[in-house]
Amino acid sequence: MAQSKTDLMAVLAVLKKYNLKGTEDILKKEASLSDIPENAAGEAEVNSVLAAYKSEGDPDIYENSYMELRRFVEESLDIYRHELALILYPVLVHMYIELVYNSHEEQAKKLISKFGPEQEYYYQDELTKLAMVTKRDQMSGNDLTDTFKSNAFTIRISRDTLSLLKRHLHEKKASVILNIVNEHLFFDLYEGVARNKSQCDATSGAMIGEAKRLDNKVKVYYGLLKEPDVQTLVQAPPEEDDDMDPDAPDKPKKKKAKKDPLFSKKSKSDPNAPPLDRIPLPKLKDVDKMEKIKSLREASKRLNLGPDCLPSVCMYTLLNANYTVTCAEICEDSSLIAIGFSDSSIKVWSLTPVKLREMKTAEQLKEIDRDADDVLIRMLDDRKAEISRMLYGHSGPVYRASFSPDRTLLLSCSEDCTIRLWSLHTWTCVVVYKGHQFSVWDVRFSPHGHYFVSCSHDKTARLWATDSHQPLRIFAGHLSDVDVVVFHPNSNYVATGSSDRTVRLWDVCVGNHLRLMTGHKAPIHSMVFSMCGRYLASGSADCRVLIWDLAHGHLLAALCGHSASIHSLCFSRDGTILATGGLDCNLKLWDFSKLCEDISGENVNVSHNPDVRDGEPYLMRSFPTKQTPFLTLHFTRRNLLLGVGMFEGSA
């Protein structure tokens with residue numbers, strides 16, 4: 001107490017010295033020190049307090065302090081060592097930043113060149129970038145130093161491990177490290193046994209440490225929405241079916257008899273589903289209902305996949321397109337494919353014998369009978385039908401295309417910072433959405449249409465509606481590029497993957513992030529939700545696919561086997577198989593239903609550090625291609641797997 005009073009006196013003396021009367025009075029009042037004699041805190045005390053701060057900035061003690069800390073970690077008991085080792089990287093970074101900030105360039109360089117190479121492999125890129133910052137004025141506006149200065153590095157740690165660390169720091173009077181620990185690290189405490197090496201490795205690797213357990217406490221309605229009742233329409237068009245198939249008039253009726261029970265199964269409400277009115281969804285038009293019926297008919301002919309019945313794979317290979325193709329997308333009913341190019345164009349092909357038709361001119365449209373049943377078909381001009389169409393408008397490489405669920409619209413995003421909405425009736429651009437500050441990496445339509453989501457180099461993802469120029473929500477929180485974004489099947493949530501090596505789940509309704517999931521060791525390039533909505537698979541440049549449980553935010557499994565970045569993921573329509581395609585020119589099929597069975601046998605709630613499953617037992621088959629990395633994968637409604645890639649060999 002006496003020491004703190006002396007410090008207080010010294011601070012008051014400094015305020016007095018620089019004539020900061022107002023601040024001095026406030027401090028006196030708050031500290032209840034009204035009657036202080038003149039010069040009570042003399043020059044000596046002031047200098048002693050300031051000297052204490054100065055000595056902590058002595059550049060020569062940093063290296064010794066770090067070596068002392070490293071020795072302490074290495075000599076700790078095995079049970080604590082792995083958790084203690086997690087603090088070495090953030091302490092090194094903050095020591096380097098402090099030295100550079102205080103213009104001790106030589107000591108900073110020596111520190112990072114000596115201890116940088118011994119850090120984990122996934123931090124090496126960041127340390128290389130950090131080593132380029134050697135002067136204080138280079139820090140302002142630098143993403144990496146800004147991130148570390150303004151965000152606490154999170155370390156999940158047991159209470160015993162933390163008390164061991166604090167005891168060591170106080171005993172050694174390691175003030176430099178103690179300051180960093182108190183100011184820049186956040187310890188997510190839990191009771192129980194400290195984690196082992198594999199448990200620590202499983203969730204480490206993100207730019208600012210691990211996810212806090214509090215980040216994943218909020219309830220997520222991961223269930224699917226109740227399907228709209230279109231059974232009334234199922235029975236309505238038997239005559240049309242008979243017209244379409246005059247040789248077998250009885251067949252459609254048999255199918256309908258089958259479909260009713262199939263459909264009634266689907267329409268049971270899911271206890272984990274969000275309320276239907278949680279977000280406003282577009283109403284189904286008759287055309288949409290007919291489309292639902294069509295998809296149910298297709299589903300009734302679906303092949304049930306499993307270890308004994310693997311899907312057939314149809315590979316579309318783009319020739320003479322090396323370095324020019326940037327993305328590929330197949331629509332939900334597998335009838336159209338869109339390819340984006342680096343010259344800013346988009347080409348759309350029909351994958352069926354039906355050609356791409358254009359809408360008739362205004363004069364011709366006037367003559368059409370609006371009440372005719374086939375009015376939508378009459379509006380299209382057969383004479384202008386083509387197998388493929390080109391779309392021009394962007395002024396930079398196109399990074400992603402996305403079809404609307406009804407296949408009347410196409411979204412595309414580009415390096416030119418814009419998103420364009422194209423009409424697939426007129427084959428023209430109808431809206432340009434501007435909002436992102438930099439290149440837009442990904443754009444996806446909601447499974448229910450109307451809404452779409454985009455993500456960019458500006459570190460944000462944005463939710464839009466097709467009828468609004470401004471974004472409805474801005475999802476901000478990532479610390480680096482948001483590289484990939486995907487809608488949850490119930491349209492209430494959006495998942496984003498970033499170069500900060502984290503996956504986040506956002507609530508479309510309120511805009512908050514509800515899940516923060518760490519474990520990837522490199523930027524994330526592909527994501528897909530499971531058919532049931534509970535699980536999320538994410539593929540990364542670390543050559544792994546991680547499986548997450550949205551109910552608790554836990555990492556469940558790591559599927560290893562690829563030898564290059566994974567850019568395409570797809571679940572079979574019955575949710576039993578996960579297909580993964582990488583830049584290593586390999587397609588792999590994983591038994592997802594077996595993984596789910598194994599997981600459901602465990603009680604994940606009890607343990608806050610569940611062991612991550614190895615994916616090897618779940619790999620069913622690997623298909624190598626001839627020098628063709630995968631751009632996209634897509635399962636048709638009948639479970640045929642389509643792959644798209646560009647041939648990279650010499651022609």
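Tutor: Before we start, a word on names: strands here are DSSP runs of at least two residues, numbered from the N terminus. Also, this is a predicted model.

Student: Good to know. Where does Trp 427 lie, then?

Tutor: Trp 427 is in the loop that runs between β12 and β13, and β13 covers 428–434. Its phi is positive, about 60°, although Trp 427 is not a glycine.

Student: OK. Is Trp 427 buried or exposed?

Tutor: Trp 427 is buried, since its relative accessible area is 10% and the cut-off for buried is under 20%.

Student: Which loop holds Cys 417?

Tutor: Cys 417 sits between β11 (409–414) and β12 (418–423). It is not a glycine either, yet Cys 417 has a positive phi of about 75°. With a relative accessibility of 23%, Cys 417 counts as partly exposed.

Student: Let's switch to helices. How many residues of α6 are buried?

Tutor: In α6, 12 of the 14 residues are buried, so the helix is largely enclosed by the rest of the structure. Among them are Pro 90, His 94 and Ile 97.

Student: And what span does α6 reach?

Tutor: From its first C-alpha to its last, α6 reaches 20 Å, close to the 20 Å expected. Just after α6, Ser 103 takes a positive phi of about 60°.

Student: How do α6 and α7 cross?

Tutor: The axes of α6 (residues 88–101) and α7 (residues 105–115) come within 8 Å and cross at roughly 160°. That makes α6 roughly antiparallel to α7, and the crossing is left-handed.

Student: Which residues meet there?

Tutor: From α6 you have Leu 92, Met 95, Tyr 96, Leu 99 and Val 100, and they meet Gln 107, Ala 108, Lys 109, Leu 111, Ile 112 and Phe 115 in α7. By class, that contact has 9 nonpolar, 1 polar and 1 charged residues.

Student: What about α4 and α7, parallel or antiparallel?

Tutor: The axes of α4 (residues 60–75) and α7 come within 9 Å and cross at roughly 20°. That makes α4 roughly parallel to α7. Here the crossing is right-handed.

Student: And which residues of α4 and α7 meet?

Tutor: Asp 60, Tyr 62, Glu 63, Tyr 66, Met 67 and Arg 70 in α4 meet Gln 107, Lys 110, Leu 111, Lys 114 and Phe 115 in α7. This contact has 5 nonpolar, 1 polar and 5 charged residues.

Definitions and conventions: Residues are numbered from 1 along each chain as its sequence is written. This is a predicted model: local features need pLDDT of at least 70, side-chain atom pairs count only at pLDDT 80 or more; totals for chains, interfaces and linings use all residues. Side-chain values use heavy atoms; hydrogens and water are left out. Axes are lines fitted to C-alpha atoms, for helices over the stretch in contact, and angles run from 0 to 180 degrees between N-to-C directions. Helices (H or I, at least four residues) and strands (E, at least two) are DSSP runs, numbered from the N terminus. Angles under 35 degrees count as roughly parallel, over 145 as roughly antiparallel, 65 to 115 as roughly perpendicular and the rest as oblique. A crossing is left-handed if the near helix is turned anticlockwise from the far one by less than a right angle, and right-handed if clockwise. Contact means heavy atoms within 4.5 Å. Ala, Val, Leu, Ile, Met, Phe, Trp, Tyr, Cys and Pro count as nonpolar, Asp, Glu, Lys and Arg as charged, and the others, Gly among them, as polar. The expected span of a helix is 1.5 Å times one less than its number of residues. Buried means under 20% relative accessible area, exposed over 50%, partly exposed in between (1.4 Å probe, protein chains only).
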